[in-house]
Amino acid sequence: PTQRDMAKQLETMYGADMVLRNQRRGCCQVVGFSMDMLRQSVLPASESMFLLHEAAGLIRKTLTEPLWEDGRFLASYVDRERKNRMDAIRSSVNNKARYAMRQCISFMCEGEPCGIPAEGTIADYEHFRPDFLVECYHTMLHEARVEFFYIGAEDLDIVLQEVRGVFAGIERQATASLPENHLICHAKQVRYRNEAADVTQSKLV
């Protein structure tokens, strides 16, 4: 669905809100969907399970019905998002605290999965291949570990039924094992890095 399609459907769901997130936790990349909606008990009896069903359906559409163009993601969307991501990375230097933390993690964890920025790097986007994006999408859909968390007062069996429907008909393969985080308590060598910048205010992170 397009962003307009998603916005229209959320409006019919009494102002429900859906947020998509891309995060890094340790050595893992986490792609998440969260949905906030009204409690079913405040709806008319004729719509007792309307919101839960619609929420699960919207998540399924978002996962399984992307905008395709000749077997690829819509080129105009991909190119625009690539440019937006590169602009965001370049402008991150304006947020001193966030930039310093990002550089610190990248430098101190160089060569490790946890040192890769969740938003990627300029080099990643400059050498970006649309075909690779399709490969990553199919890998995520069929092999990535899936976890659902529900906070609410609805009947758990009904919630589970709707959740299972999200992946109904999708051929799931063996779930890839999560990478193990190795805790290093003492560094073999103290590392230093200094980046000079013309600033009038400093930040300690």
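Trainee: What makes Gln 3 part of helix 1?

Mentor: Gln 3 lies in helix 1, which covers residues 3-12, and helices are DSSP runs of H or I with at least four residues, just as strands are runs of E with at least two, numbered from the N terminus. This is a predicted model, in which local features need pLDDT of at least 70, side-chain atom pairs count only at pLDDT 80 or more, and totals for chains, interfaces and linings use all residues. Residues are numbered from 1 along each chain as its sequence is written, and side-chain values use heavy atoms, with hydrogens and water left out.

Trainee: Why is Gln 3 called exposed?

Mentor: Its relative accessibility is 64%, and exposed means over 50%, whereas buried means under 20% and partly exposed lies in between (1.4 Å probe, protein chains only); Gln 3 therefore counts as exposed. Across the protein, buried residues make up 21% of the 205 residues.

Trainee: Where does Gln 3 stand relative to Ala 174?

Mentor: The two are 171 residues apart in sequence and, from C-alpha to C-alpha, 32 Å apart in space.

Trainee: Which pattern does the protein follow along the sequence?

Mentor: The pattern reads α-β-β-α-β-β-α-α-α-α-α, with seven helices and four strands.
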